[in-house]
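Visitor: I would like to go through this fold term by term. Please give the cut-off each time, then apply it.

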Amino acid sequence: MLGLSLDGISLDAVLKIVVIDLVLSGDNAVVIAMAVKSLPPSIARRAAVIGAAGAVGLRVIFAALAAFLLAVPYLQAIGGLVLFWIAFKLLTEEEEAEERHGEIQSFWEAVRIIILADVVMSLDNILAVGGASHGNITLLLFGLALSIPIVLFGSQILTGMLRRWPLLAYVGAGVLAWTAAEMVVHDKKVGPLLIATGIPYLDYGLAFLATAMVLLGGYWVTRRRPEAVETSQESALEAASSDR
């Protein structure tokens, strides 16, 4: 803990908020990057901006409702389950979504996924930042403002990386799935139930298992697509022809 302060604002609280934003806003950036990676660059940029604006707007709303939201039982666990679905959907989406549905439909599909993920993860973020700010409005606004460049610029960097190295989508899905698992096992209602079992590290074990299921399930669904099956059949026919 740092004892320094500036105009009544402790520097240790500022540092906490910076770390929280770097970690939790990074998840928002991962969602945006994975949702727009199949779109043309110009359209992807617009979807990313809308997604970042949605994340910040939702955090402002959740900040005003933080006390009420904390009282809703199993809310964090439900949000985690929704985020599991988002991670799986982003992992199993076709690489050329715009060819299937058209650029406009793909654009709005990406925006829809981004906003839904923002609803889930903005709740987690604002509760963490709200706790670190201890009710200080200046610190809370600082946390909200800091999240804007992290989400926007972070998503642009990650989008370029995902287009260059498609396999990084599994890393991104893993990050989202792990975040979802932590939201579930650390829920104020679910967490005590896990502790009551007396099983050591049960929360981490369940988080690891759930993350592995999302990744393996996504890989299996991707391999079962018609394109993958046709490719496998063609390879088998070519091998048979060469044997003759």
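Guide: Start with handedness. A crossing is left-handed if the near helix is turned anticlockwise from the far one by less than a right angle, and right-handed if clockwise. The model is predicted, so local features need pLDDT of at least 70 and side-chain atom pairs count only at pLDDT 80 or more, while totals for chains, interfaces and linings use all residues. Residues are numbered from 1 along each chain as its sequence is written, and side-chain values use heavy atoms, with hydrogens and water left out.

Visitor: What is the handedness of the crossing of H8 and H10?

Guide: Right-handed. The axes of H8 and H10 come within 9 Å and cross at roughly 140 degrees. Axes here are lines fitted to C-alpha atoms, for helices over the stretch in contact, and angles run from 0 to 180 degrees between N-to-C directions.

Visitor: Which residues of H8 and H10 make the contact?

Guide: Contact means heavy atoms within 4.5 Å. H8 brings Tyr170, Ala173, Gly174, Ala177, Trp178, Ala181 and Val185. Among those from H10 are Tyr204, Phe208, Thr211 and Tyr219. The contact of H8 with H10 divides into 14 nonpolar, 3 polar and 1 charged residues. Ala, Val, Leu, Ile, Met, Phe, Trp, Tyr, Cys and Pro count as nonpolar, Asp, Glu, Lys and Arg as charged, and the others, Gly among them, as polar.

Visitor: Why does Thr211 count as buried?

Guide: Buried means under 20% relative accessible area, exposed over 50%, partly exposed in between (1.4 Å probe, protein chains only). Thr211 has 10% relative accessibility, so Thr211 counts as buried. Leaving aside neighbours within four places in sequence, Thr211 is in contact with Gly174, Ala177 and Trp178.

Visitor: What makes H4 roughly antiparallel to H8?

Guide: The axes of H4 and H8 come within 7 Å and cross at roughly 165 degrees. That makes H4 roughly antiparallel to H8. Angles under 35 degrees count as roughly parallel, over 145 as roughly antiparallel, 65 to 115 as roughly perpendicular and the rest as oblique. H4 passes H8 in a left-handed crossing. The contact of H4 with H8 holds 16 nonpolar, 4 polar and 1 charged residues.

Visitor: Which residues of the largest nonpolar core touch the most other members?

Guide: Met34, Val36, Leu39, Leu83, Phe84, Leu90 and Leu176, out of 46 residues. A nonpolar core is a set of buried Ala, Val, Leu, Ile, Met, Phe, Trp, Tyr and Cys residues joined through side-chain atoms within 4.5 Å. H8 gives the most to this core, with 9 residues. Not counting residues up to four places away in sequence, Leu83 touches Val120, Met121, Leu176, Thr179, Ala180 and Met183.

Visitor: How do you know that Thr159 and Phe62 are buried?

Guide: Thr159 counts as buried because its relative accessibility is 7%. Thr159 sits in helix H7. Phe62 lies in helix H2. Phe62 has 12% relative accessibility, so Phe62 also counts as buried.

Visitor: How many helices and strands does the protein chain have?

Guide: The chain has 11 helices and 2 strands. Helices (H or I, at least four residues) and strands (E, at least two) are DSSP runs, numbered from the N terminus. Of the 244 residues, 43% count as buried. Among contacts between residues at least 6 apart in sequence, 84% join residues at least 24 apart.
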